[in-house]
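Me: I am new to this structure and would like to go through it slowly, asking at each step what a word rests on.

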Amino acid sequence: MVLSHATSDSDGSVHSTFASRYVRTSLPRFKMPENSMPKEAAYQIINDELMLDGNPRLNLASFVTTWMEPECDKLIMSSINKNYVDMDEYPVTTELQNRCVNMIAHLFNAPLGETETAIGVGTVGSSEAIMLAGLAFKRTWQNKRKAEGKPVDKPNIVTGANVQVCWEKFARYFEVELKEVKLSEGYYVMDPQKAVDMVDENTICVAAILGSTLNGEFEDVKLLNDLLVEKNKETGWDTPIHVDAASGGFIAPFLYPELEWDFRLPLVKSINVSGHKYGLVYAGIGWVIWRNKEDLPEDLIFHINYLGADQPTFTLNFSKGSSQIIAQYYQLIRLGHEGYTNVMENCRENMIVLKQGLEKTERFNIVSKDEGVPLVAFSLKDSSCHTEFEISDMLRRYGWIVPAYTMPPDAQHITVLRVVIREDFSRTLAERLVSDIEKVMHELDELPSRVIHKISLGEEKSEANSNNLMVTVKKSDIDIEKQRDIIKGWKKFVSDRKNKTNGIC
Amino acid sequence: MVLSKTASESDVSIHSTFASRYVRNSLPRFEMPENSIPKEAAYQIINDELMLDGNPRLNLASFVTTWMEPECDKLMMESINKNYVDMDEYPVTTELQNRCVNMIARLFNAPLGDGEAAVGVGTVGSSEAIMLAGLAFKRQWQNKRKAQGLPYDKPNIVTGANVQVCWEKFARYFEVELKEVHLREDYYVMDPEKAVEMVDENTICVAAILGSTLTGEFEDVKLLNDLLVEKNKQTGWDTPIHVDAASGGFIAPFLYPELEWDFRLPLVKSINVSGHKYGLVYAGIGWVVWRTKTDLPDELIFHINYLGADQPTFTLNFSKGSSQVIAQYYQLIRLGFEGYRNVMDNCRENMMVLRQGLEKTGRFKIVSKENGVPLVAFSLKDSSRHNEFEVAETLRRFGWIVPAYTMPADAQHVTVLRVVIREDFSRTLAERLVADFEKVLHELDTLPARVHAKMANGNVKKTPEEMQREVTSYWKKLLETKKTSKNTIC
């Protein structure tokens, strides 16, 4: 027993981590280990395994911020042990949240007086923000219906089929029916006319998206507002609008200030925006703002009387870190209007560079518009030999993570690749990406098509099933090839399914 | 125009931050400023204002971790730009979450086979965890009632009045009635007998707390289980139990391993625990585990097929940081069973030191028990002249933040002070705290009584100033009581 003790001692103090026995045992996966290990070993082993994660800055799929200034990193690290919810103990942090809410509300032209405080809250992301907004609509609608003596058991919400998965979560968890306006080829956002047609007496709100996840487009909120005002006049239902500005909320005020999409439209009652997207903060912060007090039912709010002043709180999460809120305030005052405008203009510039580079290859259709979120969504002009999924796979070898998605119904046959231009995606990177995509196209051109064998049903007629997987087999096939193709076919089927229910974000 | 441009440039490159004009303007509060400011100025100004926040490590109110090893800080900073939800892009981080879930499920004796994957998820905290668990129970119960052709519009949940505010949130937001078992003086947890009596056909579950927020007590989950098994036999309702082990989940397995409170009891279907309390991670991580697959209705789960393998997700939040999940894994493997046990032993030791120190003053009555979460809850033996709120206020001057709370119904007349012993609260600090308490009591003894609670008997004539002062302090006290009774006790 003494011998093994000595070995542990020398392990700890003399040997380097990679000379110790800790790198010889595999890390536990199912049960907590019985013994402790030195902190250096724990750090090193976890750090090394994490090397195999993708590089966040090369993750071109995500809208979420992946770079902040070192000064802000410093602020984040020094507040990482502050539990935001202890408002009594951290009054300044609470005040910073309130200032952010006010600033964002003013950015969205909320009808507020000079020193009037805005109604809103910081959340962990747009998911929580949307759930809170939806809850407020549901409760307001229920109260209204109860007062009218009508049934309250079948609330629904009208959105486009291009909604992000959190709306589906809201619908499922809070028992609201989701009525989706289907898309069509070439029209990948919610059609305001169709949306208004779907509104009925049980509709708690219509949700418009400013910055669709799939192709970055801004929905025409003004048109929706005008049509809904008309319908409300006829029906008297008073159906409101919520704008999911998760991506667009920090873009439109700087790049398209004349675009009317926010509280300037009378039916817009609440807006959510992701601080961690174009708010330029790391993952973990969102904001939801209500037009005024009446739009947030009192019975949903829990009141905390802080030093005599009333601090209402309405969040799903309780304890959470304060870092992102402080970081958001840092960005708002560090950059100001001027700074944000510059960042967004740069993103737009680099988006045009990428778009033009892709157009010049003449192999792609650009699906995204110039106006909207700075991203480029594109598909192959000719996808008979190779698909967008293969391009995505091959780009990974160069280090880039560019996802391929199929559109929701009724445009499931369209597959797009999407590159999001974030603050830290410089022109150099854009040019490099274009040249890497060209290399990938060259490589693919030299390879035979992968999913190609066609089973003929007598007269070369092939049936397409719902996933467009045409499988016909030539008579000269060898068994092994057949197996390989079937496997590839199913792989594609599985990844299609994955992408359909994937958290597209 | 040229002149002002030069002035800005010289501001930025030559002047130090405190010499620049940026510290002469007040920071905007309502509207975004028009112009940018240099990053050094932004950092300095915000940092300076934040100096006026309390020091997190002296915040003795909170259970939430306030210190981690520098190696872990390094890991957290490196992963701060990883959006956890991108499972495809960050497969290792996702795997680390799965490993944590498996470890925690086995810590709670979930009935799992050797390589069997546990059912559970990482959340932003126990609030989200409880909402997910409650959602699962609600959906289960609804499906059961629909199958029986019975009404399902009035679900309720039975808990003690000592529940943390997130249960009230769950009830209000998800439209479930909250049936609370009231407390009484000297019994500050849920009485299992009364709880079982309150169970009816609409009860979706009974929630027991392992580590009550107010006094740190562990509720008798075993007794609750046994009584509920009996009742279920009679009624056939099959009412399950959820254990809110937000604080206790990382204490009981190490300090009280023989205590049966987890999946060893057959009626316990789900358990939540806060990683950021005695899981020893910074704020922002919680865990919920279910007993088996059948306890989590499939229709609530969104399926993501990750590289062919099925990755089910069931969370309220979507995008969030990865740092805390990685930090939790770090702690689990860095400390292991041995390490956690040592930490909890130390906490318990220091709790005893503080408790005995307070008892020795002869002025306090200790309300908390020795077994349970390592905290000391105590009230003044004699609060006629000065109350616990004044003690808390005076203690703030010494730097300590020790909150005073009134108990929920039906024990609202009892006020307690509470000190939570966390990992980073050493014995030295405990002894210093006792010394400071003694100083505070000395000071208060020399002051006249502040709040005259007796305004009814009008025999003593008062001057107008005295009346004003009395009325003001009465309303101040009323406000404080209102504040603390609705305060988010956490």
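Me: Why is Glu89(A) called buried?

Reply: Buried means a relative accessible area under 20%, exposed means over 50%, and partly exposed is in between, all with a 1.4 Å probe and protein chains only. Glu89(A) has 8% relative accessibility, so it counts as buried. This residue lies in the loop between α3 and α4 of chain A, where helices (H or I, at least four residues) and strands (E, at least two) are DSSP runs numbered from the N terminus. Leaving aside neighbours within four places in sequence, Glu89(A) is in contact (heavy atoms within 4.5 Å) with Asp53(B), Gly54(B), Asn59(B), Arg396(B) and Ile401(B).

Me: What should I keep in mind about the model and its labels?

Reply: This is a predicted model, in which local features need pLDDT of at least 70 and side-chain atom pairs count only at pLDDT 80 or more, while totals for chains, interfaces and linings use all residues. Residues are numbered from 1 along each chain as its sequence is written, chains are lettered from A and ligands numbered from 1 in the order in which they are written, and side-chain values use heavy atoms, with hydrogens and water left out.

Me: What makes Glu49(B) buried, partly exposed or exposed?

Reply: The relative accessible area of Glu49(B) is 24%, so this residue is partly exposed. Glu49(B) is found in helix α2 (residues 39-50) of chain B, and, not counting residues up to four places away in sequence, it touches Val92(A), Leu96(A), Arg99(A) and Leu27(B).

Me: How do you know how much area is buried between chain A and chain B?

Reply: The size of an interface is often given as the accessible area lost when the parts come together. Buried area is here the accessible area (1.4 Å probe) that two parts lose on being put together, summed over both, and between chain A and chain B the value is about 10,900 Å², of which carbon and sulfur atoms give 58%. In terms of residues, 117 of chain A are in contact with 119 of chain B.

Me: Why is the link between Lys82(A) and Asp53(B) called a salt bridge?

Reply: A salt bridge is a side-chain nitrogen of Lys or Arg within 4 Å of a carboxyl oxygen of Asp or Glu. The closest N and O atoms of Lys82(A) and Asp53(B) are 3.0 Å apart, so the pair meets that definition. The count between chain A and chain B is 13 salt bridges. On the side of chain A that touches chain B, α10(A) gives the most, with 12 residues.

Me: What makes Phe254(A) and Tyr340(A) a stacked pair?

Reply: Rings of Phe, Tyr and Trp (its six-membered ring) pair if their centres lie within 6.5 Å, and planes under 30 degrees apart count as stacked, over 60 as edge-to-face and the rest as tilted. The ring centres of Phe254(A) and Tyr340(A) are 5.2 Å apart and their planes are at 15°, so the pair is stacked. Phe254(A) lies in helix α9 (residues 252-255) of chain A and Tyr340(A) in helix α10 (residues 323-361) of chain A, so the pair ties together parts that are 86 residues apart in sequence. Both Phe254(A) and Tyr340(A) are buried.

Me: And why is the pair of Phe364(B) and Phe378(B) described as edge-to-face?

Reply: For Phe364(B) and Phe378(B) the distance is 5.0 Å centre to centre, with 80° between the planes, and the angle is over 60, so edge-to-face is the word that applies. Phe364(B) lies in strand β10 (residues 364-366) of chain B and Phe378(B) in strand β11 (residues 375-380) of chain B, so this pair ties together parts that are 14 residues apart in sequence. Both Phe364(B) and Phe378(B) are buried. A search of the whole structure finds 25 aromatic pairs over all chains, and ring pairs link Trp167(A), Phe170(A), Phe174(A), Trp167(B), Phe170(B) and Phe174(B) into a cluster.

Me: What makes helix α11 of chain B mostly covered?

Reply: In α11(B) (residues 388-396), 7 of its 9 residues are buried, among them Phe389(B), Val391(B) and Leu395(B).
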